[in-house]
Amino acid sequence: MVAIIGAGPSGIYAAEALSQQSDVPVAVAVLDRLPVPFGLVRYGVAPDHHSIRSIRNTLERTLEKSGVRFYGDVNIGSDVTIEELRGVVDAVIYAYGAGSDRRLGIEGEDLFGSIAAPEFVAWYCGHPDVHPDIDRMAPRGAVPASKAERAARLIATTQSAVVVGVGNVALDVARVLIKSVAELDDTDMADDVLDSLADKMVTDVHILGRRGPAYTTFTTKELRELGQLPDVDVIVDPADLEFDQSSRAVIEMDKVAARNVAVMADWAKAPRTNAARRIHLHFWTKPNAILGVDQVEAVQTERTRINADGYVEGTGETGLIPAQLVVRSVGYKGVQLPGVPFDPNTGRVPHSEGRVIRDGEFSTDEYVTGWIKRGPTGVIGTNKSDAVETVTSLLTDIHDGAIAGKHSIDELDELLADRGIHPLGMPAWHRIDAAEIELGESHGRRRTTLAHRSELLAAAEDHT
Ligand code: NAP
């Protein structure tokens, strides 16, 4: 009996790897603190990326398999401790992702109008952590009390936004900021979110890369999308495409970098079309300070170069970008789950091939996969091979007799029942799914995400 903590892609791929083998019969419980499964596929993948979001259908099929059960709305670490969970299962796989964000460490970072990309992404994806229950919302016009209200007010007052970082999340954020609300209507965004985006008046998004165009972490398909947005000019300074020796070496060795640079070179050559909105890609530029009195008014930037030791350093040449919103898109960060081994320097659970290291030794029943194992990198599919590695280690340990196989899933059910916890299973998810489709169709949309926890729980109820 194996418990997997986290029902995002990494946890569900681990469940799939366990259920696909027939050497050892394994019962799998996939637990999540949220009432719904799918993790970043629901709450991270951009709503306008329909094909990536459709991976959900494959993940759903895994959770429906015999031998696999979904336990939603169970908070391991608070409802039940790790030690208690380990007492009723044969092994546990940590797959709870990277729940926090990295900071820039510059002046003005906490001003109203400066937010982390993971928070902004969670807002537009309708994550219940960011969308508090309706009765706790402040009345319109009052000081924004919740992250959702803050995001909504920011959107309504932003004409120019700065996005720091040149990874795929920065591209997602830039697209959501620059697209018209009509272009976002065919997504499953929550009603509150779409209403806020309808008030949007963003005309300019500035994306800052602290190194040159050869060093982005964009995937080319996602980068190209920027150039396909109607009535948007993508502006690249041709001077940024004059490459130094190290950039040339990167372009020669890395096919993705070469393709990305070619896309940007085309934009640098293209004449402006006088489009209504613009995305500016600024390379060799770092933010030095976020300026403003009560809220963000501008970003002070500095040109950069790579020094002899290979580090980015400022050249002293500064600039100013007026902006009302700054989104730092500089990566996610893993956090510790109480009772789980954690390395604060790497933000990961220490391990070897997925076997968790506790107090300097291999733990006999703990495994790890996904972002909390390898860090916040890779695309959704990367989690599949990662999960296979972890599950291979676990199955090897079962074969070698290191894991006894003495527990049944009933013991987990008893523990949860003792605590008064009523997990939501796949039937509850199907009721939520149906409610979201029904709500969407009532507005002529395919689906509308229920963002508030109270809405999710109400939709999950069985009225038969
Ligand atoms: P990421 O790819 O690691 O990009 C982070 C960016 O932040 C890098 O450009 C990095 O620059 C920059 N950065 C870090 N610290 C900085 C600082 N102090 N000042 C300025 N810039 C800084 O992370 P992400 O964009 O959050 O994406 C996370 C993962 O999800 C990635 O693997 C991504 O591919 C994946 N993802 C995929 C998709 C998709 O496939 N459609 C969509 C979204 C996310 P340096 O390189 O100079 O450090």
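Reader: What are the ground rules for the model and its numbering?
Author: It is a predicted model, where local features need pLDDT of at least 70, side-chain atom pairs count only at pLDDT 80 or more, and totals for chains, interfaces and linings use all residues. Residues are numbered from 1 along each chain as its sequence is written, and side-chain values use heavy atoms, with hydrogens and water left out.

Reader: Ligand first. How many residues surround it, and which are the closest?
Author: The shell holds 24 residues, each with a heavy atom within 4 Å of the ligand. Val166, Arg210, Arg211, Thr217 and Gly378 are the closest.

Reader: How do they divide into nonpolar, polar and charged?
Author: 10 are nonpolar, nine polar and five charged. Ala, Val, Leu, Ile, Met, Phe, Trp, Tyr, Cys and Pro count as nonpolar; Asp, Glu, Lys and Arg as charged; the others, Gly among them, as polar.

Reader: Which side-chain atoms lie by an oxygen atom of the ligand?
Author: Among them, a polar side-chain atom of Arg210 lies 2.7 Å from a ligand oxygen. For a polar side-chain atom of Asn168, the distance is 3.0 Å. Val166 has a backbone N or O atom 3.0 Å from an oxygen atom of the ligand.

Reader: How much of the ligand does the protein cover?
Author: 82% of the 920 Å² of accessible area that the ligand has on its own. Areas come from the Shrake-Rupley method with a 1.4 Å probe.

Reader: Which helix gives the largest share of the shell?
Author: Helix α8, residues 168–178, with three residues. Helices are DSSP runs of H or I with at least four residues; strands are E runs with at least two, and both are numbered from the N terminus.

Reader: And where does the ligand lie relative to the domains?
Author: It lies between domain 1 (2–99 + 334–424) and domain 2 (101–328), because both give residues to the shell. The bounds come from an automatic or database domain assignment.

Reader: New topic. What order do the strands of the open sheet take?
Author: The order is β11-β12-β13, with antiparallel pairing. Strands pair if DSSP finds at least two bridges between them.

Reader: Why is one side of β11 and of β13 left without a neighbour?
Author: β11 (285–291) and β13 (312–322) stand at the edges, so each has a single partner strand.

Reader: How many bridges join β11 and β12?
Author: Six, with β12 spanning residues 298–306. Ile290 stands opposite Val299 in β12.

Reader: What about β10? Which strands pair with it in the parallel sense?
Author: Among them, β8 (residues 204–208) joins β10 (residues 277–282) over five bridges. There, His206 has His280 as its bridge partner. β9 (residues 232–236) also pairs with β10 over five bridges, and Val236 stands opposite Leu281.

Notes: Polar contact = N/O pair within 3.5 Å; in protein donor to acceptor, adjacent residues only side chain to side chain.
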